Amino acid sequence: MPEDRIKRKNLWVRLNSIKQPRQWVKAAGRLGLSVVSSGGGTSHVTIRDPSNPNCEDVASLIATVQKNLYKQANQRIFKQILAFGKSEDDIWRALGML
């Protein structure tokens with residue numbers, strides 16, 4: 001069950017349709033967030049605060065997008081971007097779901 005801060009429950013249940021990390025990468029770009037690919041041989045990317053260009057600073061980390069996505073991982077990423085201060089509707093628009 002989604003938490004109270006999620007208003008569009010019909011879209012929330014459809015988050016399992018996101019299967020490719022590039023969907024979150026595109027959405028992050030549309031939201032004006034920075035995306036950094038991992039250089040250490042791993043396949044994940046990180047979404048970071050664009051006002052903090054230091055990729056080594058954990059404070060700039062908003063969310064980690066792993067290679068294999070599933071509903072709960074997508075919900076976690078969504079909540080982390082929401083907690084960063086982006087509006088719910090802006091996130092849905094960036095994902096192309098609204």
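Strand E1 (residues 34-37) and strand E2 run antiparallel, joined by four bridges. The model is predicted. On E2 there is a further partner: four bridges join E2 to E3, and these two strands also run antiparallel. Across that pairing, Thr46 stands opposite Thr64 in E3.

**Strand E2 and Thr46**

Which residues point which way from E2? Val45 and Ile47 point one way, while Thr46 and Arg48 point the other way. All four residues are buried.

Thr46 has its place in strand E2. Is Thr46 buried or exposed? Thr46 counts as buried because its relative accessible area is 9%, and the cut-off for buried is under 20%. Its side chain makes a polar contact with the side chain of Arg48, at 3.1 Å. Leaving aside neighbours within four places in sequence, Thr46 is in contact with Ser34, Val35 and Val36, and also with Leu61, Ala63 and Thr64.

**The nonpolar core**

The largest nonpolar core has 26 residues. Which of them touch the most other members? They are Trp24, Phe78, Ile81 and Leu95. H3 gives the largest share, five residues.

Leaving aside neighbours within four places in sequence, Ile81 is in contact with Trp24, Leu31, Leu33, Ile47, Ile62, Lys86 and Ile91. Ile47 belongs to the pair that points one way from E2 with Val45.

**Helix H4 and Asp90**

Asp90 is found in helix H4. How is Asp90 classed by its accessible area? Asp90 is partly exposed because its relative accessible area is 36%, and that class lies between 20% and 50%. Asp90 and Leu31 are 59 residues apart along the chain. Their C-alpha atoms are separated by 7.4 Å. Leu31 is also one of the contacts of Ile81.

The two residues with accessibility values are set side by side here.

| Residue | Relative accessible area | Class |
|---|---|---|
| Thr46 | 9% | buried |
| Asp90 | 36% | partly exposed |

Terms used: Residues numbered from 1 in each chain as written. Predicted model: local features only at pLDDT ≥ 70, side-chain atom pairs only at ≥ 80, totals over all residues. Heavy atoms only, no water. Core = buried A, V, L, I, M, F, W, Y, C linked by side-chain atoms within 4.5 Å. Buried < 20%, exposed > 50% of the residue type's maximum accessible area, 1.4 Å probe, protein only. Contact = heavy atoms within 4.5 Å. Polar contact = N/O pair within 3.5 Å; in protein donor to acceptor, adjacent residues only side chain to side chain. Pairing = 2+ DSSP bridges.
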